[in-house]
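Subject: Handing over a structure

Hi there,

I am passing this structure on to you, and I hope you enjoy looking through it. Please open it first, and then read my notes alongside.

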Amino acid sequence: MVAAQPSKIGLTGKILIGMGAGILIGLILRNLLGESQWVQDYITDGLFHVIGTIFINSLKMLVVPLVFISLVCGTCSLSEPSKLGRLGGKTLAFYLFTTAVALVVAISAAVLVQPGNASLATESMQYSAKEAPSLADVLINIVPSNPMKALSEGNMLQIIIFAVIFGFAISHIGERGRRVAAFFDDLNEVIMRVVTLIMQLAPYGVFALMGKLALTLGLETLESVIKYFLLVLVVLLFHGFVVYPTLLKLFSGLSPLMFIRKMRDVQLFAFSTASSNATLPVTMEAAEHRLGADNKVASFTLPLGATINMDGTAIMQGVATVFIAQVFGIELTITDYAMVVMTATLASIGTAGVPGVGLVMLAMVLNQVGLPVEGIALILGVDRLLDMVRTAVNVTGDTVATVVIAKSEGALNEAVFNDPKAGKTTGSFDAEVHRGE
């Protein structure tokens, strides 16, 4: 009788173990040796910082080649201009619609709950915000004057524009274009294999990131703005687990439960990294291999979403604006609220998918309605944790849009979507990790 082999822990399980272990060890060190300079130098700024940064850098390393190569491959297959225009129009409309919905829900919730406490000390608040780009600058900077510079600097909007034009040109030069397209298809397979290899580092990187967070999070600040924190958290969860699944069911008829089940890995990565761009390789893998979206759709909607679809950030901006207004005792009119919705929606275009950028854009929104930017200092202590949650919401929205648009374009394999094991045996991170053990 052959003994049954013990079941191996999948990638999701390993990530959860890494997250839990990192938080636990970080809190233990903080409580026992919180004032130790040795812990600060060799654990927080040493071990945890080095491992976490290497993991984040390894993901960021893939973003530019992944976006450019995948988008060229996807655009090559769209030989008709009408298809590309229709795909872009649907994607942009969906993203702007969900961002506006997120802002309306966030502002309404903040007005009803009244998270601001006028008794909070507003003296000695200092926050030096970087200057946010104007709408005109955002529109001008979409088109790259130097594509190589855009690639080297990781300017995602410019890379997307250049890749779309490049791929469209390839699809219109006949046999020579087909040879170039085949070369990019091969490159795409190589990049996806590199993604699979990098994911084996994930549990260790997540452990270090969560350990450092537990050691550095300002608990005093958390206590002083707990109502704001909980409100933003509730609205984020509502948007991620109610609004998005409802839109998925409404526009595609697909199962929201199956979608959420298959998004666990992506959401965990987004939560750990707090970066839509760093999570992009994982998002694309899940959308294509787990959810059945065709590459020609996913390679367009996901990079674009990581750049312009910032619903989680919009929710934070909506609640934070009302919160800061209440703290300083400033009344906002209906016109002000409408201005917040419009400004924050447009500000999401060009917002980089990297940690903390939401605070820069919040400064622009506050200036637009005449609120003191110094109020941002109130939420700095908890913003890192909220940043992690809203990034998970952002990538969920990107993937919902991809599935909905792929279904509308006849580019979704519903058998793959409805198969719980799809992607587990071919191309999935779990399968690759198991083969290497």
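This is a predicted model: local features need pLDDT of at least 70, side-chain atom pairs count only at pLDDT 80 or more; totals for chains, interfaces and linings use all residues.

Residues are numbered from 1 along each chain as its sequence is written, and side-chain values use heavy atoms, with hydrogens and water left out.

**The whole chain**

The chain has 20 helices and zero strands. Both are DSSP runs numbered from the N terminus: helices are H or I with at least four residues, strands are E with at least two. Of the 437 residues, 54% are buried, where buried means under 20% relative accessible area, exposed means over 50%, and partly exposed is in between (1.4 Å probe, protein chains only). Among contacts (heavy atoms within 4.5 Å) with a separation of 6 or more, 86% are between residues 24 or more positions apart.

**An enclosed helix**

Helix α8 covers residues 202-216. Its 15 residues reach 21 Å from first C-alpha to last, close to the 21 Å expected at 1.5 Å a residue; the expected span is 1.5 Å times one less than the number of residues. Because 11 of its 15 residues are buried, α8 is largely enclosed by the rest of the structure. Those buried residues include P203, V206, L209, M210 and L213.

**Two helices that cross**

Two packed helices are described by the angle between their axes and the distance between the axes. Helix α10 (residues 226-252) and helix α15 (residues 311-327) have axes that come within 10 Å and cross at roughly 145°. Here axes are lines fitted to C-alpha atoms, for helices over the stretch in contact, and angles run from 0 to 180 degrees between N-to-C directions. The contact of α10 with α15 has 11 nonpolar, two polar and one charged residues. In that count, Ala, Val, Leu, Ile, Met, Phe, Trp, Tyr, Cys and Pro are nonpolar, Asp, Glu, Lys and Arg are charged, and the others, Gly among them, are polar. On the α10 side the residues include Y228, L231 and H239, and on the α15 side they include D311, I315 and F323.

V113, in helix α3 (residues 81-113), touches K227 and L231, leaving aside residues up to four places away in sequence. V113 is partly exposed, at 37% relative accessibility, and its C-alpha is 9.4 Å from that of Y228, 115 residues apart along the chain. L362, in helix α17 (residues 357-368), is buried at 0% relative accessibility. With the neighbours up to four places away left out, L362 touches M316, Q317, A320, T321, I376 and I379.

**Aromatic pairs**

How many aromatic pairs are there? The count is 11, taking rings of Phe, Tyr and Trp (its six-membered ring) as paired if their centres lie within 6.5 Å, with planes under 30 degrees apart called stacked, over 60 edge-to-face and the rest tilted. The rings of F55 and F269 have centres 6.4 Å apart and planes at 35°, so this pair is tilted. The pair links distant parts of the chain, with F55 in helix α2 (residues 37-76) and F269 in helix α12 (residues 264-273), 214 residues apart. Both F55 and F269 are buried.

F183 and F184 make an edge-to-face pair, because their ring centres are 5.8 Å apart and their planes stand at 80°. F183 is partly exposed at 48% relative accessibility, whereas F184 is buried at 9%. Ring pairs also join F183 and F184 with F68, F162 and F166 in a cluster.

Happy exploring!
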